[in-house]
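Here's a quick briefing to read with the model open next to you.

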Amino acid sequence: MKLDISNAPHHLARLGEEWWRSAVIYQVYPRSFADSNGDGMGDLPGITSRLASLAALGIDAIWLSPFMRSPQKDAGYDVSDYMDVDPLFGTLADFDDMVARAHELGLRVLVDLVPNHTSSAHKWFEAALAAPEGSAERAFYHFKDGKGENGDLPPNNWLSLFGGPAWTRTTNPDGTAGQWYCHLFDSSQPDLNWENPKVQEAFEDILRFWLDRGADGFRVDQPHAMGKAEGLPDHPDLARAGAGFIEGEASPPMWFQESVHPIFRKWRAILDSYPGDRAMCGEAYVLPLSFMALWVRSDEFHQTFNFRFLNSEWQAQTLFNTINESFEAFDSVGAPSTWVLNNHDVLRHASRFGGLKVKPTDSDGVGPNDPQPDRELGLRRARGATLFMLGLPGSSYIYQGEELGLPEHTTLADEYRQDPTFFRTNGARVGRDGCRVPLPWESGVGAANGFNTTGKAWLPQPEIYAGYSRDQQEGVEGSTLELYKHALRTRRELGLGEGSFEWSPQFLGENVLGYRNNHILIVHNFGHEPINLPEGKILASSLHGMKDGHPLVADQTVWLQLS
Ligand code: GLC
């Protein structure tokens, strides 16, 4: 097989431009990063105390998953007060301290904003429930009468992404059955009505609140869900589309509505009115990428997550197509492509690539009764994949723990599970807890390896995590941590994030992909046969001990400076 590059894009270098075009952004999952008070839940002071190690890793910014007030039914993606810190994680003063420390270290801070839904414990929703049908309070959300003689059937056929219907019926104050409300996620996450100008105004205040406190921008949760087709009609083809959408087909009634774009333009103008290049990255799960690119036009989001890349099988042909599609789509609107292999919703790549037949973005998870990944193979491939990704120009995302080569916790017992996906599917989908387990910092310090000193942890670590602790890898040649550090340092020194992209015809085939970024050749071997490399100096290798002149072996990536 020969991959056809006659129409493949050439991406040109963009030097000296805004930071977010080339930034490496590290996702902090506050519950599981570092716990300062020993209650088993990570917190903001814990993050602050460990920021120096992130600066030393060589990243540019952090994105924090939600830490606002929340009943934590969906790990904080169910916000009950957007302008306060949940006591589990600390206080607003702790947030200020964290931002100050991050800025001192040269790191920017992106805050997670959840606009599609609030928590059912938010005062807006409580007021809506208490108010009569048709009231201004109810107009904050999507309340509708049920179908059927007694209104006891949901208003339409929409499904929740976490399983079951997307509607829950309310009970009136007098005990009778009432209207239904819409929730594309858990029933504790009612969807807001973004047609309502009051909702729009409220969020503009929320944006300003965090920007005023020094946030450098936002990661925006589920922006493509915010608009709903007028009248909330049935999904025309749910049997085929599941709760989601069929790629490239017309917009389903609960996703990608045109009506939301003016909202993001307003948000962009708000960000632009602040000094210091504030930025927002949308979790716009919109495919194909030519559709996603519409979300990063120059007056909307700065970035979106490249879910095509995240979801790609680690296979030459698929990745070849994905990378071409990415540059074509994002270059056409002048936005950077992002590259991402992990986040808090998907199986960690060190497990995913260990011979498992799973789609990463299904968020189904792997449990003790499922086939288990080959850890060694998974890590070897994950390291190769990361090095391949970090050589690409654009902005890259790293999810906490991947720099340690952490595998998914695939043997977590059901009694510990917290993800609503598990409960809403009666355990049929074990969900996302396995990638959210607290980080091991110092091997043997408490039962949670330095996550705190008490050993308490909201999700228990598997025993093997001790061997992945940061202190076991710091300064150890060939460790995954040192590989990440070296790659990030070299990427910065060589300006690869701002660099160019062009396939290297000599290294394109069924089992090999090679590209050039500026003068650096980056090659990955997807097959088993060794591949000879041209003469040059090895700048980075995903396998330890690679000497100049060695052939490239299975699953290996190298960065090569050609002589
Ligand atoms: C996003 C978040 C996910 C959350 C969902 C609902 O996909 O990443 O964790 O469950 O939105 O807010």
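This is a predicted model: local features need pLDDT of at least 70, side-chain atom pairs count only at pLDDT 80 or more; totals for chains, interfaces and linings use all residues.

**Cysteines**
- Searching the whole structure turns up 0 disulfides.
- Cysteine 281 is in no disulfide, and the nearest cysteine sulfur, that of cysteine 435, sits 17 Å away.
- Seen from the other end, cysteine 435 has its closest cysteine sulfur in cysteine 281, and 17 Å is too far for a bond; a disulfide would need the two sulfur atoms within 2.5 Å.
- Cysteine 435 has 0% relative accessibility, so this residue counts as buried.

**Who surrounds the ligand**
- There are 14 residues around the ligand, and those that come nearest are Asp74, Asp221, Gln222, Glu283 and Asp345.
- Sorted by class, that shell splits into 7 charged, 4 polar and 3 nonpolar residues.

**Polar contacts and cover**
- Histidine 117 places a polar side-chain atom 2.9 Å from an oxygen atom of the ligand.
- In glutamine 222, which is also among the residues that come nearest to the ligand, a side-chain N or O atom is 2.9 Å from a ligand oxygen atom.
- For histidine 344, the distance from a side-chain N or O atom to an oxygen atom of the ligand is 2.9 Å.
- On its own the ligand has 300 Å² of accessible area, and the protein covers 97% of that.

Key. Residues are numbered from 1 along each chain as its sequence is written. Side-chain values use heavy atoms; hydrogens and water are left out. Buried means under 20% relative accessible area, exposed over 50%, partly exposed in between (1.4 Å probe, protein chains only). A residue is near a molecule or strand if one of its heavy atoms lies within 4 Å of it. A polar contact is a pair of N or O atoms within 3.5 Å; within protein, one must be able to donate a hydrogen and the other to accept it, and residues adjacent in sequence count only if both atoms are side-chain atoms. Accessible areas come from the Shrake-Rupley method with a 1.4 Å probe; for residues, only the protein chains shown count as cover. Ala, Val, Leu, Ile, Met, Phe, Trp, Tyr, Cys and Pro count as nonpolar, Asp, Glu, Lys and Arg as charged, and the others, Gly among them, as polar.
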